[in-house]
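Here are a few friendly notes to read alongside the model. Take them one at a time, and keep the 3D view open as you go.

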Amino acid sequence: MQKFVIHGRRKLAGSLVVESAKNAVLPIIAASILTEEPIMIKNVPKIIDVVKMFEILEKMGGKVSFIDDDCVIDNSHITKFEIEPTLARFIRSSIFMLGPLVARFGRARVAYPGGCDIGSRPIDLHLQGLRELGVEIVEEHGFINCSVDKIKSGIIHLDFPSVGATENIMMASVLGEGKTTIMNCAKEPEIVDLANFINSIGGKVSGAGTSTIEVIGASKLSGGTYLPIPDRIITGTYLLSAAITGGRLELNNANYEHVYSLIKKLRGAGCKIKTDQNKITIECEGRLSSIASIETQPYPGFPTDLQAPLMALCSVSDGMSVITENLFETRFKHVPELLKMGANITIKDRMAIVRGVKALYGAQVNATDLRGGASLVLAGLAAHGETHVLNANYIDRGYFELENKLASVGADIIRSSS
Ligand code: UD1
């Protein structure tokens with residue numbers, strides 16, 4: 001098991017470059033199945049979830065190679081339409097491959113997907129949407145078997161704006177017959193990015209970023225090169241690392257619009273933040289004021305993926321914060337760990353009441369999911385003494401060598417095997 005060992009109370013200072021967004025890269029990798037021509041994705045973070053997606057492609061007959069941080073995918077020789085069950089159970093984004101597989105080959109088989117345990121994460125909206133596109137779905141013994149002659153067009157109305165279901169249905173319709181309209185879809189920037197990628201290789205998707213997306217079926221897609229958007233959750237994590245240490249950071253390759261809900265809260269707490277087209281600068285001094293109320297919402301509301309990292313900051317801010325988690329029901333698993341470090345947090349259903357303390361203290365804590373793990377790293381940066389964050393592998397699912405990035409701007413953090 002790997003862990004991070006952190007000696008806290010170092011002010012961060014310097015500049016960091018944000019990598020491409022995990023949540024954009026994962027569906028784009030799945031969408032590469034839609035074409036038999038080569039795709040180059042630029043600036044790909046070699047995080048565990050991305051590596052596992054490539055393994056899935058390779059097991060099906062795809063070829064993946066890296067040139068520095070750019071990867072080339074050649075799916076011209078896919079001959080298997082089953083997603084390897086152990087890999088499917090490991091990453092939730094394996095489910096993204098259903099749509100592209102049925103669109104191109106008319107069949108797909110996948111085990112129920114895994115991922116971080118942050119509540120029940122059903123895939124009913126994905127399956128319902130595919131059924132409405134004419135896909136026959138048989139669920140048996142933990143597997144989902146899909147078959148279709150040709151994806152048909154139609155109007156699909158999502159009961160909830162699920163990010164993954166929007167992406168899956170969008171990808172499934174790209175090679176369909178006629179026009180598909182997806183209503184009440186999610187508006188996350190990663191959905192816009194997926195649509196831009198698909199359009200860059202000859203697809204016809206419009207309306208991404210609004211609640212209605214239209215897809216006009218194309219007979220064939222080409223190859224191409226694509227640079228995904230910067231990771232807004234990493235951007236937010238870096239902003240919070242400056243805020244919690246009273247530091248000053250310049251973030252390059254950062255899109256401020258994508259993290260505006262966080263920037264607004266941080267400014268209210270006393271951080272000075274300047275935004276530029278591709279750059280964000282943050283400067284903080286001393287103990288910040290508390291952020292009174294935070295509610296996670298679908299984009300452009302406050303992202304659920306930044307709830308846990310923000311809670312670390314609230315736990316040392318001056319005053320009380322009420323944090324409501326609306327998207328995932330068990331996404332407070334970092335709370336007992338923050339308590340071990342001296343935080344004062346009470347949970348009531350989906351609400352966490354955080355009373356800021358003057359100081360946190362180093363402890364041995366467990367990362368139990370990706371963003372909860374990031375929250376503990378942030379707490380460790382602010383804490384007196386030594387913090388050991390166990391199960392660093394969870395954090396590696398979304399942050400590539402986080403310890404090196406933070407150490408490069410002055411944090412005292414190392415990775416260690418225990
Ligand atoms: C994506 C992100 C994840 C983020 C989440 C919410 C990726 C790879 N992951 O996850 O980082 O936390 O969006 O912004 O992009 N739901 C259903 N039925 C479904 C699908 C979802 O009930 O078929 C529910 C979920 O249980 C959850 C809510 O909808 O309560 C949101 O889930 P969804 O938007 O689908 O998130 P993911 O795509 O899994």
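This is a predicted model: local features need pLDDT of at least 70, side-chain atom pairs count only at pLDDT 80 or more; totals for chains, interfaces and linings use all residues.

1. Another backbone detail is worth a visit. Asn253 has a positive phi, near 55 degrees, although this residue is not a glycine. You can find Asn253 in the loop between strand S14 (248–252) and helix H9 (260–269).

2. Now zoom out to the whole chain. The domain assignment gives domain 1 as 2–18 + 230–417, and domain 2 as 22–226. Notice that domain 1 is written as two stretches of the chain. The centres of the two domains, taken over C-alpha atoms, are 30 Å apart. To their contact, domain 1 gives 23 residues and domain 2 gives 22 residues.

3. How much area do domain 1 and domain 2 bury between them? The value is about 1900 Å², and carbon and sulfur atoms account for 54% of it.

4. Two salt bridges are counted between domain 1 and domain 2. Glu190 and Arg232 form a salt bridge in which the closest N and O atoms are 2.7 Å apart. On the side of domain 1 that touches domain 2, the elements giving two or more residues are helix H12 (370–382) and helix H13 (392–396). Sorted by class, this side of domain 1 has eight nonpolar, five polar and ten charged residues.

5. Next, turn to the ligand. Which of the 19 residues around the ligand come nearest? They are Asp124, Leu125, Ser162, Asp305 and Leu327. Ser162 has a polar side-chain atom 2.6 Å from an oxygen atom of the ligand. For Asp305, a polar side-chain atom is likewise 2.6 Å from a ligand oxygen. Asn23 takes part too, with an N or O atom of its side chain 3.0 Å from an oxygen atom of the ligand.

6. Finally, how many salt bridges does the structure hold? The count is 20. One to look up is the pair Lys42 and Asp70, whose closest N and O atoms are 3.0 Å apart. Lys42 sits in the loop between strand S3 (39–41) and helix H2 (48–60), while Asp70 belongs to strand S5 (residues 70–74), so this pair ties together parts that are 28 residues apart in sequence.

Note on methods
Residues are numbered from 1 along each chain as its sequence is written. Side-chain values use heavy atoms; hydrogens and water are left out. Domain bounds come from an automatic or database domain assignment. Contact means heavy atoms within 4.5 Å. Buried area is the accessible area (1.4 Å probe) that two parts lose on being put together, summed over both. A salt bridge is a side-chain nitrogen of Lys or Arg within 4 Å of a carboxyl oxygen of Asp or Glu. Helices (H or I, at least four residues) and strands (E, at least two) are DSSP runs, numbered from the N terminus. Ala, Val, Leu, Ile, Met, Phe, Trp, Tyr, Cys and Pro count as nonpolar, Asp, Glu, Lys and Arg as charged, and the others, Gly among them, as polar. A residue is near a molecule or strand if one of its heavy atoms lies within 4 Å of it. A polar contact is a pair of N or O atoms within 3.5 Å; within protein, one must be able to donate a hydrogen and the other to accept it, and residues adjacent in sequence count only if both atoms are side-chain atoms.
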